[in-house]
Amino acid sequence: GSTIGILGGGQLGRMLAVSAAQLGYRCHVFAPEKVSVAAEVSAEFTSAKWTDQAAMARFGEACDVVTYEFENVPVAPLAAIPAEKLHPPTRALEAAQDRLAEKNFVTDLGGSPAPFAKVDSDEDLASAIERIGTPGILKTRRDGYDGKGQWRIMDRREAEGMRLPGDSLVYEGFVRFTCEFSVILVRGRDGEVRFWDSAHNTHENGILAHSSLPAPAIVGEQVEAARKLARDAADALGYVGVLTCEFFATEAGPVFNEMAPRVHNSGHWTIEGAATSQFENHIRAICGLPLGDTATTARKVDMANIIGAAAGDWQHWLEQGDAHLHLYGKGEAREGRKMGHVTLLER
Ligand code: ATP
Ligand code: MG
Ligand code: MG
(Lines give C-alpha, C1' and ligand atoms only; values in the text may rest on other atoms or scores of the structure.)
(Ligands and ions follow the chains in the order given, each with its own letter.)
Protein backbone atom coordinates (compact mmCIF):
# COMPACT_ATOMS: atom_id res chain seq x y z
CA GLY A 1 0.00 0.00 0.00
CA SER A 2 0.96 3.66 -0.21
CA THR A 3 2.22 5.83 2.61
CA ILE A 4 0.45 8.99 3.69
CA GLY A 5 2.58 11.64 5.36
CA ILE A 6 0.93 13.68 8.11
CA LEU A 7 2.50 16.94 9.23
CA GLY A 8 1.56 17.47 12.88
CA GLY A 9 1.25 14.99 15.71
CA GLY A 10 -2.00 15.69 17.58
CA GLN A 11 -5.41 14.08 17.85
CA LEU A 12 -6.51 15.20 14.38
CA GLY A 13 -3.57 13.29 12.93
CA ARG A 14 -4.45 10.33 15.10
CA MET A 15 -8.01 10.20 13.78
CA LEU A 16 -6.76 10.69 10.19
CA ALA A 17 -4.35 7.78 10.67
CA VAL A 18 -7.13 5.53 11.96
CA SER A 19 -9.21 6.27 8.85
CA ALA A 20 -6.19 5.80 6.60
CA ALA A 21 -5.48 2.42 8.16
CA GLN A 22 -9.05 1.33 7.51
CA LEU A 23 -8.47 2.00 3.81
CA GLY A 24 -5.20 0.08 3.78
CA TYR A 25 -2.76 2.98 3.91
CA ARG A 26 0.16 3.35 6.28
CA CYS A 27 0.92 6.70 7.85
CA HIS A 28 4.18 8.49 8.56
CA VAL A 29 3.93 11.36 11.04
CA PHE A 30 6.32 14.32 11.04
CA ALA A 31 6.14 16.50 14.16
CA PRO A 32 8.55 18.45 16.36
CA GLU A 33 7.42 16.84 19.61
CA LYS A 34 9.06 13.69 20.99
CA VAL A 35 5.77 12.02 21.89
CA SER A 36 2.84 12.17 19.48
CA VAL A 37 -0.64 10.69 19.81
CA ALA A 38 -0.79 10.53 16.00
CA ALA A 39 2.54 8.70 15.73
CA GLU A 40 1.36 6.15 18.29
CA VAL A 41 -1.16 4.80 15.77
CA SER A 42 1.06 5.22 12.70
CA ALA A 43 3.74 3.08 11.06
CA GLU A 44 6.51 5.69 11.07
CA PHE A 45 7.41 8.77 13.06
CA THR A 46 9.94 11.46 12.27
CA SER A 47 10.44 13.69 15.29
CA ALA A 48 12.33 16.71 13.95
CA LYS A 49 12.13 20.48 13.86
CA TRP A 50 9.89 21.94 11.14
CA THR A 51 12.99 23.69 9.81
CA ASP A 52 15.10 20.51 9.52
CA GLN A 53 15.37 20.52 5.71
CA ALA A 54 17.16 17.17 5.46
CA ALA A 55 14.57 15.41 7.62
CA MET A 56 11.75 17.07 5.67
CA ALA A 57 13.25 15.95 2.34
CA ARG A 58 13.61 12.33 3.55
CA PHE A 59 10.04 12.44 4.83
CA GLY A 60 8.82 13.69 1.44
CA GLU A 61 10.66 10.87 -0.32
CA ALA A 62 9.23 8.24 2.03
CA CYS A 63 5.62 9.36 1.45
CA ASP A 64 3.36 9.13 -1.60
CA VAL A 65 1.12 11.99 -0.47
CA VAL A 66 1.59 14.49 2.36
CA THR A 67 -1.08 16.36 4.30
CA TYR A 68 -1.44 18.48 7.46
CA GLU A 69 -3.31 18.11 10.69
CA PHE A 70 -1.85 21.42 11.95
CA GLU A 71 -2.13 24.62 9.91
CA ASN A 72 0.82 26.44 11.41
CA VAL A 73 3.53 24.31 9.83
CA PRO A 74 6.09 26.81 8.46
CA VAL A 75 5.70 26.92 4.69
CA ALA A 76 9.34 27.48 3.61
CA PRO A 77 10.69 24.03 4.66
CA LEU A 78 7.85 22.35 2.75
CA ALA A 79 9.72 23.26 -0.45
CA ALA A 80 11.75 20.09 0.28
CA ILE A 81 8.64 18.05 -0.61
CA PRO A 82 7.51 17.80 -4.26
CA ALA A 83 4.52 20.15 -4.59
CA GLU A 84 2.43 17.51 -6.37
CA LYS A 85 2.55 15.36 -3.23
CA LEU A 86 1.17 18.11 -0.95
CA HIS A 87 -2.60 18.21 -0.42
CA PRO A 88 -3.98 20.76 0.20
CA PRO A 89 -1.41 23.00 -1.55
CA THR A 90 0.81 25.24 0.57
CA ARG A 91 -1.02 28.37 -0.61
CA ALA A 92 -3.97 27.16 1.51
CA LEU A 93 -1.67 27.17 4.54
CA GLU A 94 -0.42 30.64 3.65
CA ALA A 95 -3.96 31.98 3.37
CA ALA A 96 -4.95 30.53 6.74
CA GLN A 97 -1.81 31.10 8.83
CA ASP A 98 -2.14 34.84 9.04
CA ARG A 99 -5.47 36.29 10.21
CA LEU A 100 -4.88 39.45 8.18
CA ALA A 101 -4.12 37.57 4.93
CA GLU A 102 -7.10 35.33 5.62
CA LYS A 103 -9.53 38.21 6.09
CA ASN A 104 -8.23 39.95 2.96
CA PHE A 105 -8.50 36.72 0.97
CA VAL A 106 -12.10 36.20 2.06
CA THR A 107 -13.02 39.86 1.51
CA ASP A 108 -11.69 39.64 -2.05
CA LEU A 109 -13.99 36.67 -2.62
CA GLY A 110 -16.98 38.78 -1.55
CA GLY A 111 -17.18 37.44 2.02
CA SER A 112 -17.87 39.51 5.13
CA PRO A 113 -15.52 39.18 8.08
CA ALA A 114 -15.99 41.40 11.14
CA PRO A 115 -14.53 44.90 10.54
CA PHE A 116 -10.77 44.56 11.02
CA ALA A 117 -7.53 46.51 11.03
CA LYS A 118 -3.86 45.61 11.10
CA VAL A 119 -2.19 46.59 14.39
CA ASP A 120 1.59 46.86 14.66
CA SER A 121 1.84 49.81 17.03
CA ASP A 122 0.00 51.84 19.69
CA GLU A 123 -0.98 54.37 17.00
CA ASP A 124 -2.43 51.58 14.86
CA LEU A 125 -4.55 50.41 17.78
CA ALA A 126 -5.80 53.92 18.48
CA SER A 127 -6.82 54.45 14.86
CA ALA A 128 -8.35 50.95 14.63
CA ILE A 129 -10.54 51.70 17.64
CA GLU A 130 -11.35 55.12 16.20
CA ARG A 131 -12.65 53.49 13.02
CA ILE A 132 -14.12 50.21 14.30
CA GLY A 133 -15.11 51.16 17.85
CA THR A 134 -15.45 48.99 20.94
CA PRO A 135 -15.97 46.32 22.09
CA GLY A 136 -13.45 44.50 19.97
CA ILE A 137 -10.84 41.79 20.10
CA LEU A 138 -7.12 42.18 19.55
CA LYS A 139 -5.67 38.95 18.16
CA THR A 140 -2.21 37.75 17.24
CA ARG A 141 -2.07 37.34 13.47
CA ARG A 142 -0.27 34.01 13.72
CA ASP A 143 -0.27 30.87 15.86
CA GLY A 144 -3.43 31.49 17.90
CA TYR A 145 -5.74 28.58 18.70
CA ASP A 146 -8.37 27.72 21.32
CA GLY A 147 -8.75 31.45 22.01
CA LYS A 148 -5.07 31.87 22.93
CA GLY A 149 -3.45 35.10 21.81
CA GLN A 150 -6.67 37.13 22.11
CA TRP A 151 -7.47 40.18 24.24
CA ARG A 152 -10.94 41.65 24.53
CA ILE A 153 -11.11 45.43 24.64
CA MET A 154 -14.36 46.61 26.15
CA ASP A 155 -13.81 50.37 25.93
CA ARG A 156 -11.38 53.00 24.71
CA ARG A 157 -9.85 53.67 28.09
CA GLU A 158 -8.89 50.05 28.44
CA ALA A 159 -6.95 50.31 25.19
CA GLU A 160 -5.18 53.49 26.27
CA GLY A 161 -3.69 51.80 29.32
CA MET A 162 -2.75 48.70 27.40
CA ARG A 163 0.73 47.46 26.55
CA LEU A 164 0.65 45.86 23.11
CA PRO A 165 1.29 42.13 23.48
CA GLY A 166 3.31 42.06 20.25
CA ASP A 167 3.60 43.80 16.92
CA SER A 168 1.80 41.51 14.48
CA LEU A 169 -1.79 41.85 15.55
CA VAL A 170 -5.20 42.44 14.13
CA TYR A 171 -8.07 44.27 15.82
CA GLU A 172 -11.57 43.17 14.97
CA GLY A 173 -14.97 44.45 15.99
CA PHE A 174 -16.93 42.27 18.39
CA VAL A 175 -19.68 40.46 16.49
CA ARG A 176 -23.10 40.25 18.16
CA PHE A 177 -24.03 36.87 16.87
CA THR A 178 -27.10 34.70 17.33
CA CYS A 179 -24.98 31.58 17.16
CA GLU A 180 -21.83 30.11 15.62
CA PHE A 181 -21.61 27.42 12.99
CA SER A 182 -19.01 25.91 10.72
CA VAL A 183 -19.06 24.87 7.09
CA ILE A 184 -16.99 21.75 6.53
CA LEU A 185 -16.43 20.69 2.95
CA VAL A 186 -14.31 18.16 1.15
CA ARG A 187 -12.93 18.89 -2.30
CA GLY A 188 -11.62 16.10 -4.49
CA ARG A 189 -8.71 16.20 -6.91
CA ASP A 190 -11.23 16.62 -9.73
CA GLY A 191 -12.80 19.68 -8.05
CA GLU A 192 -15.93 17.96 -6.80
CA VAL A 193 -17.15 19.55 -3.54
CA ARG A 194 -19.35 17.98 -0.86
CA PHE A 195 -20.58 19.56 2.38
CA TRP A 196 -21.52 18.09 5.73
CA ASP A 197 -24.44 19.57 7.60
CA SER A 198 -23.42 22.64 9.59
CA ALA A 199 -23.41 22.05 13.32
CA HIS A 200 -24.16 24.69 15.94
CA ASN A 201 -20.90 25.32 17.80
CA THR A 202 -20.68 26.64 21.35
CA HIS A 203 -17.46 27.73 23.01
CA GLU A 204 -16.39 27.95 26.63
CA ASN A 205 -13.34 30.06 27.50
CA GLY A 206 -12.53 30.36 23.78
CA ILE A 207 -12.46 26.56 23.35
CA LEU A 208 -15.04 24.59 21.39
CA ALA A 209 -17.31 22.84 23.90
CA HIS A 210 -20.19 21.39 21.82
CA SER A 211 -21.15 20.85 18.19
CA SER A 212 -24.82 19.96 17.79
CA LEU A 213 -27.30 19.07 15.07
CA PRO A 214 -29.84 20.04 14.05
CA ALA A 215 -28.63 23.62 14.30
CA PRO A 216 -31.02 26.54 15.05
CA ALA A 217 -33.17 27.72 12.12
CA ILE A 218 -30.98 30.77 11.48
CA VAL A 219 -28.11 28.47 10.48
CA GLY A 220 -30.33 26.83 7.87
CA GLU A 221 -31.18 30.29 6.52
CA GLN A 222 -27.55 31.38 6.26
CA VAL A 223 -25.73 28.20 5.38
CA GLU A 224 -26.17 28.57 1.64
CA ALA A 225 -24.33 31.90 1.49
CA ALA A 226 -21.66 30.54 3.84
CA ARG A 227 -21.22 27.44 1.69
CA LYS A 228 -20.83 29.54 -1.42
CA LEU A 229 -18.00 31.48 0.20
CA ALA A 230 -16.32 28.30 1.47
CA ARG A 231 -16.58 26.69 -1.97
CA ASP A 232 -15.21 29.80 -3.68
CA ALA A 233 -12.29 29.78 -1.25
CA ALA A 234 -11.59 26.10 -1.93
CA ASP A 235 -11.82 26.60 -5.70
CA ALA A 236 -9.55 29.66 -5.59
CA LEU A 237 -6.92 27.71 -3.66
CA GLY A 238 -7.09 24.61 -5.86
CA TYR A 239 -7.87 22.88 -2.59
CA VAL A 240 -7.81 19.10 -2.11
CA GLY A 241 -9.09 17.64 1.16
CA VAL A 242 -11.26 18.89 4.01
CA LEU A 243 -11.58 22.65 4.54
CA THR A 244 -13.40 24.26 7.47
CA CYS A 245 -14.79 27.79 7.66
CA GLU A 246 -16.19 29.16 10.93
CA PHE A 247 -19.06 31.65 10.80
CA PHE A 248 -21.15 33.82 13.09
CA ALA A 249 -24.87 33.80 12.25
CA THR A 250 -26.03 37.40 12.71
CA GLU A 251 -29.14 39.43 11.90
CA ALA A 252 -27.18 40.84 8.94
CA GLY A 253 -26.23 37.43 7.56
CA PRO A 254 -23.24 35.14 7.99
CA VAL A 255 -20.04 36.79 9.19
CA PHE A 256 -16.83 34.90 8.39
CA ASN A 257 -14.67 34.20 11.45
CA GLU A 258 -11.72 32.08 10.32
CA MET A 259 -10.79 29.05 8.31
CA ALA A 260 -8.79 25.92 9.01
CA PRO A 261 -7.17 24.09 6.07
CA ARG A 262 -7.80 20.72 7.69
CA VAL A 263 -10.24 18.47 9.45
CA HIS A 264 -11.83 20.29 12.38
CA ASN A 265 -13.02 19.68 15.92
CA SER A 266 -16.53 20.80 14.94
CA GLY A 267 -16.62 17.86 12.50
CA HIS A 268 -15.78 15.08 14.95
CA TRP A 269 -19.47 14.14 15.07
CA THR A 270 -19.18 12.93 11.44
CA ILE A 271 -17.32 9.79 12.61
CA GLU A 272 -20.55 8.23 13.86
CA GLY A 273 -23.15 10.78 12.72
CA ALA A 274 -22.50 10.92 8.97
CA ALA A 275 -22.32 8.32 6.21
CA THR A 276 -18.65 9.19 5.66
CA SER A 277 -16.55 11.00 8.27
CA GLN A 278 -14.45 14.10 7.64
CA PHE A 279 -11.37 11.98 8.31
CA GLU A 280 -12.20 9.29 5.77
CA ASN A 281 -13.18 11.82 3.12
CA HIS A 282 -9.97 13.75 3.68
CA ILE A 283 -7.99 10.57 3.09
CA ARG A 284 -10.11 9.72 0.04
CA ALA A 285 -9.62 13.21 -1.42
CA ILE A 286 -5.85 13.40 -0.98
CA CYS A 287 -5.43 9.87 -2.34
CA GLY A 288 -7.55 10.59 -5.41
CA LEU A 289 -10.34 8.18 -4.46
CA PRO A 290 -14.04 8.91 -5.05
CA LEU A 291 -15.58 10.98 -2.23
CA GLY A 292 -18.06 9.40 0.18
CA ASP A 293 -21.60 10.43 1.04
CA THR A 294 -21.63 13.24 3.61
CA ALA A 295 -25.27 12.84 4.69
CA THR A 296 -26.13 13.01 8.40
CA THR A 297 -27.40 9.63 9.54
CA ALA A 298 -28.93 10.56 12.91
CA ARG A 299 -31.93 12.68 13.92
CA LYS A 300 -29.90 14.44 16.60
CA VAL A 301 -26.17 14.71 17.22
CA ASP A 302 -24.26 16.23 20.14
CA MET A 303 -20.47 16.19 20.22
CA ALA A 304 -18.99 17.25 23.55
CA ASN A 305 -15.29 17.87 24.04
CA ILE A 306 -13.62 16.35 27.06
CA ILE A 307 -11.27 19.04 28.29
CA GLY A 308 -8.69 19.04 31.07
CA ALA A 309 -9.60 17.39 34.37
CA ALA A 310 -13.00 16.29 32.97
CA ALA A 311 -11.00 13.51 31.32
CA GLY A 312 -10.93 11.73 34.67
CA ASP A 313 -14.64 11.04 34.43
CA TRP A 314 -15.34 9.20 31.19
CA GLN A 315 -16.36 5.69 32.33
CA HIS A 316 -20.08 6.52 32.51
CA TRP A 317 -20.20 7.19 28.78
CA LEU A 318 -19.49 3.53 28.17
CA GLU A 319 -22.80 2.64 29.82
CA GLN A 320 -24.86 4.91 27.63
CA GLY A 321 -26.37 3.57 24.40
CA ASP A 322 -25.30 5.43 21.27
CA ALA A 323 -22.62 7.39 23.11
CA HIS A 324 -19.33 7.13 21.25
CA LEU A 325 -16.28 7.86 23.36
CA HIS A 326 -12.94 8.92 21.89
CA LEU A 327 -9.90 9.33 24.11
CA TYR A 328 -6.78 10.69 22.48
CA GLY A 329 -4.25 8.92 24.67
CA LYS A 330 -2.66 12.13 25.92
CA GLY A 331 -0.86 11.81 29.22
CA GLU A 332 -1.41 14.80 31.40
CA ALA A 333 -4.88 16.38 31.67
CA ARG A 334 -3.66 19.99 31.77
CA GLU A 335 -6.26 22.74 32.05
CA GLY A 336 -7.77 23.60 28.67
CA ARG A 337 -6.21 20.58 26.96
CA LYS A 338 -8.44 18.59 24.62
CA MET A 339 -8.25 15.03 25.97
CA GLY A 340 -11.07 13.40 24.05
CA HIS A 341 -14.64 13.81 22.93
CA VAL A 342 -17.93 11.97 23.07
CA THR A 343 -20.62 11.93 20.39
CA LEU A 344 -24.22 11.26 21.44
CA LEU A 345 -26.67 10.22 18.75
CA GLU A 346 -30.43 9.95 18.55
CA ARG A 347 -31.33 7.89 15.53
P1 ATP B 1 -9.76 27.89 17.09
O2 ATP B 1 -9.39 26.95 18.20
O3 ATP B 1 -11.18 27.75 16.61
O4 ATP B 1 -8.78 27.97 15.98
P5 ATP B 1 -8.94 30.62 17.66
O6 ATP B 1 -8.02 30.74 18.80
O7 ATP B 1 -8.38 30.74 16.29
O8 ATP B 1 -9.81 29.31 17.83
P9 ATP B 1 -11.22 32.37 17.10
O10 ATP B 1 -11.99 31.39 16.33
O11 ATP B 1 -10.72 33.59 16.45
O12 ATP B 1 -10.01 31.72 17.92
O13 ATP B 1 -12.07 32.82 18.38
C14 ATP B 1 -12.50 31.87 19.35
C15 ATP B 1 -13.92 32.20 19.74
O16 ATP B 1 -13.97 33.53 20.33
C17 ATP B 1 -14.89 32.28 18.58
O18 ATP B 1 -15.35 31.01 18.18
C19 ATP B 1 -15.96 33.17 19.17
O20 ATP B 1 -16.76 32.46 20.10
C21 ATP B 1 -15.14 34.20 19.92
N22 ATP B 1 -14.79 35.31 19.02
C23 ATP B 1 -13.67 35.44 18.29
N24 ATP B 1 -13.68 36.56 17.55
C25 ATP B 1 -14.84 37.17 17.79
C26 ATP B 1 -15.47 38.39 17.35
N27 ATP B 1 -14.87 39.22 16.49
N28 ATP B 1 -16.69 38.68 17.84
C29 ATP B 1 -17.31 37.87 18.72
N30 ATP B 1 -16.78 36.74 19.19
C31 ATP B 1 -15.57 36.38 18.75
MG1 MG C 1 -8.29 29.39 14.76
MG1 MG D 1 -11.94 29.47 15.75
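The legends below describe close-up views of a predicted model.

Residues are numbered from 1 along each chain as its sequence is written, chains are lettered from A, and ligands are numbered from 1 in the order in which they are written. Since the model is predicted, local features need pLDDT of at least 70 and side-chain atom pairs count only at pLDDT 80 or more, while totals for chains, interfaces and linings use all residues.

**View 1. The three domains of the protein chain.** The chain is divided into domain 1 (3–86), domain 2 (115–173) and domain 3 (179–346). These bounds come from an automatic or database domain assignment. The centres of domain 1 and domain 2, taken over C-alpha atoms, are separated by 34 Å.

**View 2. A parallel sheet with the strand order 3-2-1-4.** Strands (E, at least two residues) and helices (H or I, at least four) are DSSP runs, numbered from the N terminus. Two strands pair if DSSP finds at least two bridges between them. This sheet is open and has 4 strands with parallel pairing. Its edges are strand 3 (44–47) and strand 4 (65–68), each of which pairs on one side only. On average, neighbouring strands are turned by 20 degrees against each other, direction ignored; the axes are lines fitted to C-alpha atoms, for helices over the stretch in contact, and angles run from 0 to 180 degrees between N-to-C directions. Strand 1 (residues 3–7) is joined to strand 4 by 4 bridges. Ile4 stands opposite Val65 of strand 4.

**View 3. An antiparallel sheet with the strand order 5-8-6-7.** Strands of a sheet pair through backbone hydrogen bonds, either parallel or antiparallel. Here 4 strands form an open sheet with antiparallel pairing. Strand 5 (116–119) and strand 7 are the edge strands, each pairing on one side only. The twist from one strand to the next averages 20 degrees. Strand 5 is linked to strand 8 (residues 169–173) through 4 bridges, and Ala117 has Tyr171 in strand 8 as its bridge partner.

**View 4. Strand 17 and its partners, strand 15 and strand 16.** A residue is buried if 20 or more other C-beta atoms lie within 10 Å of its own, exposed if 12 or fewer, and partly exposed in between, with C-beta atoms placed from the backbone. In strand 17 (residues 338–346), 7 of the 9 residues are buried, so this strand is largely enclosed by the rest of the structure. Strand 15 (residues 300–307) runs antiparallel to strand 17 and is joined to it by 8 bridges; Asn305 stands opposite His341 there. Strand 16 (residues 323–327) is also antiparallel to strand 17, with 5 bridges between them. The bridge partner of Ala323 in strand 17 is Leu344.

**View 5. The surroundings of ligand 1.** A residue is near a molecule or strand if its C-beta atom, placed from the backbone, lies within 6 Å of it. Ligand 1 is surrounded by 16 residues, the closest being Ala114, Gly144, Tyr145, Val175 and His203. The shell has 5 nonpolar, 5 polar and 6 charged residues. In this count Ala, Val, Leu, Ile, Met, Phe, Trp, Tyr, Cys and Pro are nonpolar, Asp, Glu, Lys and Arg are charged, and the others, Gly among them, are polar. Domain 2 and domain 3 each supply at least three residues of the shell.

**View 6. The largest nonpolar core.** A nonpolar core is a set of buried Ala, Val, Leu, Ile, Met, Phe, Trp, Tyr and Cys residues joined through C-beta atoms within 7 Å. The largest one has 79 residues, and Leu16, Ala230, Cys245 and Phe247 have the most contacts inside it. Helix 7 (residues 217–237) gives the largest share of this core, 8 residues. At least three residues come from each of domain 1 and domain 3. In soluble globular proteins, nonpolar side chains tend to be buried together.

View 7. Pro88 lies in the loop between strand 4 and helix 3 (90–97). Pro214 is placed in the loop between strand 12 (207–213) and helix 7.

**View 8. Loop residues Asp146 and Asn205.** Asp146 has a positive phi of about 50 degrees although it is not a glycine. This residue lies between strand 6 (136–140) and strand 7 (150–153) and is partly exposed, with 16 other C-beta atoms within 10 Å. Asn205, also not a glycine, has a positive phi near 55 degrees. Asn205 is in the loop between strand 11 (200–204) and strand 12, and counts as exposed with 10 C-beta neighbours inside 10 Å.
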